[in-house]
Amino acid sequence: MSSRPLRILLPLVLCFAAPALARDDAPIAPADMRRHIEILASDAFEGRAPGTPGEARTTAYIVDQFRQRGLEPAGDNDGWFQAVPLVERTTQSHEVAFTANGRSIDFDQADIALQGREAEERIVDAPVIFAGHGVRVPERGIDQIAGTDVRGAVVIILLDPPQVPGFPSLSDRVKAMADAGAAAVIALGGPDLPWAEVQRFYHYPATKLATQDVPPIIGAMPLAAAEHLIGQAGGHLDRLLNDQPGTTFHAVTLPLRATLHVTTQIHAYSTNNVVGRIRGTGAGANGESLLYLAHWDHLGLCRPEGAAHRICNGAVDNASGVAMMIEIAGRLAGQPRPARDILFLATTSEEKGLLGAEYFATHPVVPIRSIVAAINMDTVAIAPAGAPVAEIGRGFPPLDSIISQTIVAAGRNIDGDDDVESLAQRQDGWALARAGVPSVMIGGGLGDPARLGAFLRDVYHSPADQVGPSLELDGAAEDANLLVAIGRRLADPATYQRPARNNEEPAQ
């Protein structure tokens with residue numbers, strides 16, 4: 001079902017009392033943010049799940065708030081929305097058979113979990129190749145399938161990565177194998193892999209971008225099962241794992257052939273990012289933009305029918321971030337126009353794996369190289385005023401310097417440790433960072449690991465995340481005003497130039 005907002009729903013959304021606009025020069029106050037959160041996290045919005053009436057109400061509300069604050073639309077076809085195509089897949093059944101030299105190999109069907117790209121996928125008598133971790137990073141001199149033709153093959157790779165900074169994610173490695181023509185990619189999990197949970201996962205709906213390259217079949221297998229399988233064919237998994245050093249590993253064709261048959265339930269639908277813009281003066285900006293983003297989606301109806309509290313309202317995660325972005329947009333739009341454009345992106349499907357942000361990063365509404373920095377706002381209402389300010393995404397000295405200077409000028413303390421970096425890949429800024437955009441999260445909620453940990457343990461992704469006394473809006477408003485000040489400096493090319501990344505030349 002398409003989730004484009006229906007016109008008939010707009011009056012329903014607008015019947016909520018629209019927050020009164022604050023003066024352009026007034027600091028963002030806790031009450032400004034609370035009004036948005038109370039609406040977005042109300043039961044009327046049904047938990048803001050993509051592809052539901054709750055999405056239509058949510059995105060219509062965000063559009064209305066952007067429009068009231070003087071933003072212009074910056075999505076598809078000069079509209080407010082960027083359509084994001086998704087595919088939900090749920091495994092129905094699978095059957096596998098292995099042979100070695102024409103001889104059938106005994107294999108327990110419960111020792112593999114598979115999912116198909118289409119409703120029915122069948123691979124017959126395919127070669128089986130062990131490809132290490134499945135890494136292809138030619139610029140670092142690493143290509144673990146160099147010299148091996150994996151087209152039409154069942155490729156086995158290791159699930160768990162080594163503890164190496166910047167090591168490709170599993171999805172990146174699966175994509176590399178798919179791009180090389182693999183018919184199936186099966187990840188081997190170690191002894192710590194909770195196999196029963198993996199099996200259940202493959203029979204739960206799994207959502208991906210419809211544009212994402214995936215092989216015809218993906219799957220997982222316990223390491224012990226692979227060891228047994230390869231051993232029956234006369235091979236030795238230990239040798240495969242240890243005979244070649246990791247950086248020089250090259251794929252090995254195993255003495256096995258595989259036949260796989262998988263049926264999968266497929267549900268394709270569309271959801272939307274919301275994109276608004278403050279148009280800059282262009283003076284010396286070279287078409288550049290600063291980007292603020294926050295995800296609007298949550299979990300929807302997250303408990304069974306008949307449960308006392310079925311709706312996961314997502315007040316902190318992430319009605320609070322959307323409220324912050326709306327108020328920041330209003331303050332910046334009401335001030336003298338900056339040189340650079342400022343984009344405001346409310347992303348969809350963050351909870352399904354950063355999918356809206358990933359789609360924007362690969363289908364940007366402006367050239368991705370022209371985005372000088374991205375500031376993500378997520379789960380912001382958990383720390384009181386005065387909390388030390390921490391940052392996710394440090395590592396770009398020109399950006400880090402402006403952020404630190406602005407924090408100090410605001411009379412705030414800086415949390416200098418990197419503990420919060422463990423969350424870097426769990427937030428939308430990661431998708432922009434992977435595309436080369438310097439991306440940060442900044443706030444007092446990130447500087448208190450105990451408080452953040454308590455929220456993640458006790459409230460996160462549960463019906464308990466709703467509007468109530470536990471919302472720390474004094475701290476959130478303080479952070480919002482800090483992000484206004486940071487944004488004004490980042491939108492000025494005389495103050496900030498996008499830092500070079502990897503082998504890039506510095507921006508001119």
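This is a predicted model: local features need pLDDT of at least 70, side-chain atom pairs count only at pLDDT 80 or more; totals for chains, interfaces and linings use all residues.
**Aromatic pairs**

Begin with the aromatic rings, among which the model contains 8 aromatic pairs. Select Phe45 and Tyr61: their rings form an edge-to-face pair, with 6.5 Å from centre to centre and 90° between the planes. Phe45 belongs to the loop between α2 (30-40) and α3 (53-68), whereas Tyr61 sits in helix α3, so the pair ties together parts that are 16 residues apart in sequence. Both Phe45 and Tyr61 are buried.

Next, select Tyr292 and Phe344. Their ring centres lie 5.3 Å apart and their planes meet at 5°, so this pair is stacked. Tyr292 is in strand β13 (residues 289-295) and Phe344 in strand β16 (residues 341-347), so that two distant parts of the chain, 52 residues apart, are linked by the pair. Tyr292 and Phe344 are both buried.

**The nonpolar cores**

Within the largest nonpolar core, which has 69 residues, Tyr292, Ile328 and Phe344 are the members that touch the most others. Which helix supplies the largest share of this core? Helix α8 (residues 315-333) does, with 11 residues.

Centre the view on Ile328 to inspect its surroundings. Apart from residues up to four places away in sequence, Ile328 touches Ile28, Tyr292, Phe344, Met377, Ala480, Leu483 and Val484. Another core, of 33 residues, lies apart from the largest one; Leu188, Ala225, Phe249 and Leu254 are among its members. As a general background to both selections, nonpolar side chains tend to be buried together in soluble globular proteins.

Now select Asp317 and Asn318. The peptide bond that joins Asp317 and Asn318 is cis, with omega at about 5°. Asn318 is placed in helix α8.

**Arg340**

Move to Arg340, in the loop between α8 and β16. Is Arg340 buried or exposed? Arg340 is buried, and its relative accessible area is 0%. Display side chains here: those of Arg340 and Glu288 are joined by a polar contact of 2.8 Å. When neighbours within four places in sequence are set aside, the residues in contact with Arg340 are Gly280, Ala285, Glu288, Val372, Leu490, Ala491, Asp492, Pro493, Tyr496, Gln497 and Arg498.

**His261**

Select His261, which is found in strand β12 (residues 252-278). With which side chains does the side chain of His261 make a polar contact? One is that of Glu120, at 2.6 Å. Another is that of Arg122, where the polar contact with His261 is 3.3 Å.

**Positive phi values**

Glu46, in the loop between α2 and α3, has a phi near 55°, a positive value in a residue other than glycine. The relative accessible area of Glu46 is 29%, and this residue is partly exposed.

Thr379 is likewise not a glycine, and its phi is positive at about 55°. This residue, Thr379, is found in the loop between β17 (371-376) and β18. Thr379 has a relative accessibility of 15% and counts as buried, because the limit for that class is under 20%.

**The largest cavity**

How many cavities of 30 Å³ or more does the structure hold? There are 3. The largest cavity contains about 50 Å³ of space. To locate the largest cavity, select its lining: Val389, Ala390, Glu391, Arg394, Ile403, Ile407, Ile414, Asp415 and Asp417. Colour the selection by element of secondary structure, and note that β18 (390-392) and α10 (397-409) are the elements that give two or more residues to this lining.

Technical notes
Residues are numbered from 1 along each chain as its sequence is written. Side-chain values use heavy atoms; hydrogens and water are left out. Rings of Phe, Tyr and Trp (its six-membered ring) pair if their centres lie within 6.5 Å; planes under 30 degrees apart count as stacked, over 60 as edge-to-face and the rest as tilted. Helices (H or I, at least four residues) and strands (E, at least two) are DSSP runs, numbered from the N terminus. Buried means under 20% relative accessible area, exposed over 50%, partly exposed in between (1.4 Å probe, protein chains only). A polar contact is a pair of N or O atoms within 3.5 Å; within protein, one must be able to donate a hydrogen and the other to accept it, and residues adjacent in sequence count only if both atoms are side-chain atoms. A nonpolar core is a set of buried Ala, Val, Leu, Ile, Met, Phe, Trp, Tyr and Cys residues joined through side-chain atoms within 4.5 Å. Contact means heavy atoms within 4.5 Å. On a 1 Å grid over the protein atoms alone, a cavity is a set of points where a 1.4 Å probe fits but cannot get out, and a pocket is an open set with protein on both sides within 12 Å along at least five of seven lines; lining residues have an atom within 4 Å of a point. Grid points are joined across faces, edges and corners, and a volume is the space filled by probe spheres set on the points.
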